Amino acid sequence: MTQSAAPDTEVVVIGGGPGGLATAIYLARFCRRVLVVDSGTSRVSRIPCSHNYPGFPEGVAGSELLTRMRLQAERHGARLVAGDVQAIEAGEDGYTVRWNGGHASARRVVLATGVSDVPPRMPHLAEALQQGALRYCPVCDGYETRGRAVGIVADHGSDALEAVYVRHFTHQLTVFRVDDEVHFTEAQRRRLVESGITLVNEPVSSIRLWDGRVAVRHGETETTVDSLYAALGTDVHSTLASVLGAEHDAHGYLICDGHHQTTVPGLYAVGDVAMGLNQIAVATGAAAIAAAHIHLELLHP
């Protein structure tokens, strides 16, 4: 789409993951002129099979879910364009959104730019994710690891809490320190021991995919697990909003009100970029709330 091909837009949605597409579906069904600018990097596309999104008893691949939602948004009149948004400019009557190869002006903007998981240093990352050998979210898929040998590679002592969370699903749990800079307090160590969790003293020297499992070398020893959780944090994609003055928490998550409007009027945030639980269902729920409020606002300028 060229710069002249996005006229007469009321709402621009930045990001084509579940949060952004659900926003577009709702706004399109409110008969609003909505444009989605999608960089094509939604981390949902890398989910081999999600089992906790309602309506799919056998699970659904992330790529399939996105395809279905794109078709639904377009069927109701939403416009989708591929592009990487580089700037949002505030004006008297709204905002101008600029991406590589185009721009559009709109009265409201919705950020659905999400986050990126910080991956561990290991070869064959994509293959490990597809096989369920490497995981990032025990809220999403802890159920799939129940009763199996599981590891967590931690970069902070507070990851002891995540370990206790995962321990609920399996009694075979090992915590690895990503390097020597990771320290656990005596209270944290005691909590791990009391929960039946093994804490490896030597830092990780290598991680590799091996026959559908993950082999973690630490010191002179190698421990193999069925799945390894990377508790290495996320990069929150909130810079576009921060440049406009939107407030965020210490981790970069945008702070929103009950309608998912940021602290900048007319600028909304849904999905993982906003403070809250990083889940597909949460993102789509937030999208419905934001879209409904935007529609009412546009009715009464």
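Student: Is Val 200 buried or exposed?

Tutor: Before we answer, keep in mind that this is a predicted model. A residue counts as buried when its relative accessible area is under 20%, and because Val 200 has a relative accessible area of 8%, Val 200 is buried. You will find Val 200 in the loop between strand S12 (198-199) and S13.

Student: Which residues does Val 200 touch, not counting residues up to four places away in sequence?

Tutor: With those neighbours set aside, Val 200 touches Thr 174, Val 175, Phe 176, Arg 177 and His 218. For a distance between two points of the chain, take Val 200 and Arg 70, which are 130 residues apart along the chain and whose C-alpha atoms are separated by 45 Å.

Student: What is the order of the strands in the open sheet of three strands?

Tutor: The general idea is that strands of a sheet pair through backbone hydrogen bonds, either parallel or antiparallel. In this structure the order of the three strands is S13-S14-S15, and the pairing is antiparallel. Strand S13 (204-210) and strand S15 (221-225) each have a single partner strand and stand at the edges, so one side of each is left without a neighbour in the sheet. If direction is ignored, neighbouring strands of this sheet are turned by 20 degrees against each other on average.

Student: How many bridges join S13 to strand S14?

Tutor: Six bridges join S13 to strand S14 (residues 213-218), and the two run antiparallel. To see how residues face one another across such a pair, look at Ser 206, which stands opposite Arg 217 in S14.

Student: What joins S4 to S5?

Tutor: A hairpin joins S4 to S5, and it passes through two residues. Strand S4 (residues 85-91) and strand S5 (residues 94-99) run antiparallel and are joined by six bridges, while Ile 88 has Val 97 in S5 as its bridge partner.

Student: How should I read two helices, and at what angle do the axes of helix H1 and helix H8 cross?

Tutor: With a pair of helices, ask about the approach of the axes, then the crossing, then the residues in contact. The axes of helix H1 (residues 18-29) and helix H8 (residues 280-299) come within 8 Å and cross at roughly 35 degrees, and H1 passes H8 in a right-handed crossing. Among the residues making the contact are Pro 18, Ala 22 and Tyr 26 of H1, together with Ala 283, Ala 287 and Ile 294 of H8. Taken by type, the residues of this contact divide into 10 nonpolar, three polar and no charged.

Student: With which side chain does the side chain of His 293 make a polar contact?

Tutor: His 293 lies in helix H8, and its side chain makes a polar contact with the side chain of Tyr 268 at 2.8 Å. His 293 is buried, with a relative accessible area of 16%. Leaving aside neighbours within four places in sequence, His 293 is in contact with His 259, Gln 261 and Tyr 268.

Technical notes:
Residues are numbered from 1 along each chain as its sequence is written. This is a predicted model: local features need pLDDT of at least 70, side-chain atom pairs count only at pLDDT 80 or more; totals for chains, interfaces and linings use all residues. Side-chain values use heavy atoms; hydrogens and water are left out. Axes are lines fitted to C-alpha atoms, for helices over the stretch in contact, and angles run from 0 to 180 degrees between N-to-C directions. Helices (H or I, at least four residues) and strands (E, at least two) are DSSP runs, numbered from the N terminus. A crossing is left-handed if the near helix is turned anticlockwise from the far one by less than a right angle, and right-handed if clockwise. Contact means heavy atoms within 4.5 Å. Ala, Val, Leu, Ile, Met, Phe, Trp, Tyr, Cys and Pro count as nonpolar, Asp, Glu, Lys and Arg as charged, and the others, Gly among them, as polar. Two strands pair if DSSP finds at least two bridges between them. Buried means under 20% relative accessible area, exposed over 50%, partly exposed in between (1.4 Å probe, protein chains only). A polar contact is a pair of N or O atoms within 3.5 Å; within protein, one must be able to donate a hydrogen and the other to accept it, and residues adjacent in sequence count only if both atoms are side-chain atoms.
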